[in-house]
Amino acid sequence: MSAPRWGPVRSLFFLAPVLICAPYLAYKQHSALPEPLTDLTDPVTNLPQISETRILGFAKYLSEDIGYRTVGTAEHALADTWMVQQAEAVKRNCDEVVAATGRKLECEVWRQEGRGSHRFDMMTKRLYKTYVDLTNIVVRISDGTPEGKEHAVLVNAHLDSTLPSPGAADDALPVGVMLDCMRVLINTPDWSPKHAIIMLHPDASEVFNNAEESLQDASHLFSTQHPIASTVRAVINLEAAGTKGRELLFQATSEEMIQAYSHVPRPYGTVFANDIFSSGIILSDTDFRQFEQYLNVTGLDMAVVGNSYLYHMRKDLVENIQPGVAQNMAENTLALLRYLSAKGSPIPTLTTYTRPTTVFYSYLGHFFIYSFTTAKIIYTSLFLASIIFVASTYQNPTPGGTFWSGQARGAIAVVAGLMGTLLVPNVVAFLLRYVLGKGMSWFANEYSAIVLYAPAALLGALLSQHLIGPISEHTVFTALLLLQTSSAFVVQLLGVGSAAVFFLTALPIFIATLLNPLFSGSANEIALSTYALGQAFPLFGGVLLLIPVVEVFVPLTGRIGADAPADNLIATIVSSIGALSLPLVIPLAHRFGPRALRRGVVFMSVVTAVLVAVFAMRAPFDDMHQKRLFVLHLENITTHEQSLHIASADGAPGFDLLANRIVDDFVYGWAESTDNASIALTPVPINDYNSEWDSLYPFSAFLTTHKVKLPVDPSYVSPWTATGNGFSISAIDDVKDLAAGTRSLTLQIDHPGVIWTVVAFDAHVLKWNLDDNPPSEYARHRVKEASFYGKDTWTIDLVLKLDAGNPDGKLLVNFVGLQEKAMWPGKKSAKTEGGIAMKLFEEFDAWIEGMYKDTIDATLLGCVGGVVTI
């Protein structure tokens with residue numbers, strides 16, 4: 001006679017150490033950062049060491065002393081000058097070391113300046129970029145020999161910041177990391193890049209890119225025009241989309257570079273992150289794209305991603321960068337550079353490379369790497385071993401039942417459990433967003449989404465098993481094992497490295513199943529110790545996977561547009577990874593009988609209902625997790641109208657109310673209008689023919705926008721229409737060839753005081769100087785510009801096809817740009833030069849701060865635009 005089983009409460013107490021300790025240890029591993037260091041040299045060894053204090057000093061100078069370094073602004077030019085000075089200081093240091101020691105070391109500095117154009121497709125949108133006199137500051141460290149300069153690894157970080165942000169983390173932090181890495185390398189005794197036997201050794205080339213946020217123009221400039229670009233064999237791109245935690249390796253494009261990454265002291269990367277980013281689910285991009293496309297090189301793309309609420313926000317400040325973040329990124333980068341510039345480096349072999357067929361992940365404090373071939377062997381072996389063991393030990397409790405009929409019934413229960421786990425959280429998400437009007441109430445804390453949706457997922461799992469009806473616990477347990485091992489086997493056969501997540505769940509369950517007879521005394525009963533052993537590692541690994549995913553995707557929902565199903569997206573993420581984390585919930589549900597299962601369903605229903613009520617009372621935003629609000633003051637120099645445009649990039653409720661309140665409580669008073677009917681708020685759809693937001697294109701596709709017309713003082717004279725100094729579009733070298741049916745012209749855009757200009761027009765372009773492959777049809781074209789400060793003219797050479805509907809080839813051009821001196825708060829110090837827009841922004845910023853208690857981060861931009869027929 002078997003010993004009596006414990007009930008559900010006592011059993012859960014037995015399992016509590018696993019259910020508590022596994023997530024806790026996973027969180028500790030995830031959040032571990034090194035102690036930040038201040039000293040430039042190790043007091044014990046007297047050798048140079050990475051100094052977080054120095055790195056953050058650079059970041060603070062760039063982000064706070066210089067400030068908002070938007071491409072085309074005076075601050076951007078100041079950052080360029082500062083970077084040249086820092087590069088020259090590196091060279092002086094290098095020269096002094098060589099003079100004192102005679103080491104084989106040479107440092108060279110370039111300030112590259114150039115113009116060009118490139119196609120930049122993103123989010124299914126076709127966009128052309130052109131740039132004028134943008135810059136790169138390049139430092140090359142080598143052993144001084146031609147052989148030592150033949151192959152190089154490139155490290156990239158951009159100096160500029162984007163429109164609404166001072167950019168302390170993005171990307172001043174990586175700039176500081178690179179500067180400190182160079183200091184440590186140059187001042188390390190006996191270090192220099194070396195040759196290896198027959199193979200040639202690399203330089204360590206570092207590019208300080210001066211225009212990433214304008215859609216990667218400067219990286220394109222370096223890749224296509226710099227004289228040493230052809231020596232680059234691999235790229236390390238350093239980015240920041242957040243201010244906390246370890247930098248994540250999210251792109252690795254060759255096995256050699258993954259192997260190189262394994263030498264860093266604290267690796268943090270998974271093939272899962274690599275697969276997600278390469279799938280295009282995350283609509284984001286980095287300079288890595290330009291290097292890969294135009295230099296055909298491999299590399300690593302790494303970014304700080306924790307707390308990405310502050311990504312492209314005003315609060316991207318040094319004070320909000322977590323201690324240890326800079327130290328971690330710099331020490332990992334330094335280790336990569338030492339390895340890749342040392343004897344035995346793979347860099348000389350990377351003149352050609354193949355995409356990786358490699359599984360890699362950080363787990364239990366180790367970095368695991370193995371090939372897809374090895375993965376197939378391991379996963380296949382595990383699958384076959386599971387089938388053999390289960391088939392040899394399983395006894396179907398149903399009279400006359402077979403092994404396969406029992407496992408089929410168990411598989412149905414497991415699949416039903418997965419469906420219930422996914423379904424109920426999505427029902428909760430639908431209820432909160434569409435019924436209660438309380439969508440995104442989890443936004444202010446990444447982990448609150450887990451609190452809301454994990455109990456709902458558990459309810460779905462239990463409810464599905466209640467509907468399935470009684471079934472043997474052992475049958476469900478073994479069916480789960482076979483489904484997990486088969487998933488790893490099948491997904492890996494499809495060439496998807498993320499099959500490792502199924503393997504890491506299946507392996508401990510398999511081991512626990514093997515040991516179960518020792519724990520239970522019977523092959524057909526499952527011991528609680530088997531649950532403890534089989535659940536500990538899946539829960540640890542699942543939480544280790546879930547934390548960074550919610551850290552990325554929860555803040556991301558604040559900028560993916562109102563139409564995106566943000567609540568259901570997060571519910572699906574939490575429930576699907578939750579199913580991987582707690583796979584043994586399904587067999588455990590059948591352990592205690594139908595009555596206990598019903599009670600579990602009722603209990604979890606109450607918990608879920610309480611949580612829905614609690615979250616329905618929560619506001620989505622707070623002072624450190626703010627709503628992004630975009631406001632344009634637009635002066636149309638064609639119609640002579642002025643208008644205020646208000647936009648949001650999230651699906652949280654209340655934007656229409658907010659926009660109306662802005663008009664009712666602020667705009668009416670600011671305009672001193674007695675005719676409020678003339679100042680009416682109008683929804684404006686974003687489409688290819690709405691040019692007001694083109695300076696933010698293609699991000700503007702995510703915006704929900706409203707427009708309100710502003711009164712204009714009759715005595716107002718626009719500075720943007722002044723003859724010889726205005727914002728204008730004209731045609732030069734204009735020639736019509738009626739025999740050939742073409743019109744050739746150069747479209748000239750003059751924009752003194754205006755940056756990030758965009759022109760859009762409809763035409764059948766036969767030829768232009770933007771690329772060699774314009775669309776072979778009549779189409780809408782959009783060309784976006786970025787220029788260095790003070791560069792006020794750019795051109796497009798066009799050959800247009802004439803047609804019967806437009807025999808003269810007339811070109812209707814929409815144009816728009818940002819006033820360089822009318823961006824709040826970036827140009828606050830020059831507010832008196834910003835005209836009407838800055839006067840409005842100063843008052844508006846104070847009003848919205850007082851009204852919404854710092855829960856809104858407003859990007860305030862003065863724009864000029866119009867339309868002209870050429």
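## About the model

This is a predicted model, where local features need pLDDT of at least 70, side-chain atom pairs count only at pLDDT 80 or more, and totals for chains, interfaces and linings use all residues. Residues are numbered from 1 along each chain as its sequence is written, and side-chain values use heavy atoms, with hydrogens and water left out.

## Overall shape

The protein chain has 20 helices and 20 strands; helices (H or I, at least four residues) and strands (E, at least two) are DSSP runs, numbered from the N terminus. Its C-alpha trace spans about 100 × 80 × 60 Å along the principal axes.

Of the 870 residues, 59% count as buried. Here buried means under 20% relative accessible area, exposed means over 50%, and partly exposed lies in between (1.4 Å probe, protein chains only).

## Inside the protein

Let's look inside. The largest nonpolar core has 119 residues, and Ile236, Tyr261, Val359 and Tyr379 have the most contacts inside it. Helix 4 (residues 168-187) gives the most to this core, with 13 residues. A second, separate core of 42 residues includes Ile276, Ala429, Ala564 and Ala589. A nonpolar core is a set of buried Ala, Val, Leu, Ile, Met, Phe, Trp, Tyr and Cys residues joined through side-chain atoms within 4.5 Å.

Ile276 is also one of the buried residues of helix 7 (residues 271-279). The buried residues of helix 7 pack against strand 6 (244-252), strand 8 (358-363) and helix 15 (528-556).

## Salt bridges

A search of the whole structure finds 29 salt bridges, each a side-chain nitrogen of Lys or Arg within 4 Å of a carboxyl oxygen of Asp or Glu. In one of them, the side chains of Asp567 and Arg433 meet at 3.9 Å, N to O. Asp567 lies in helix 16 (residues 566-581) and Arg433 in helix 11 (residues 403-435), so this pair ties together parts that are 134 residues apart in sequence. Asp567 is buried, at 0% relative accessibility, and Arg433 is buried at 14%.

Now compare Arg111 and Glu113, whose side chains form a salt bridge at 2.9 Å, N to O. Arg111 is partly exposed at 37%, and Glu113 is partly exposed at 42%.

## A patch on the surface

Leu507, Ile511, Leu514, Leu515, Leu518 and Phe519 form a nonpolar surface patch with about 500 Å² of accessible area together. Patch residues have over 30% relative accessible area and no salt bridge; like charges are joined within 9 Å, and nonpolar side chains (Val, Leu, Ile, Met, Phe, Trp, Tyr) within 5 Å. Accessible areas come from the Shrake-Rupley method with a 1.4 Å probe, and for residues only the protein chains shown count as cover. Ile511 sits in helix 14 (residues 500-520) and is partly exposed at 38% relative accessibility.

Notes: Contact = heavy atoms within 4.5 Å.
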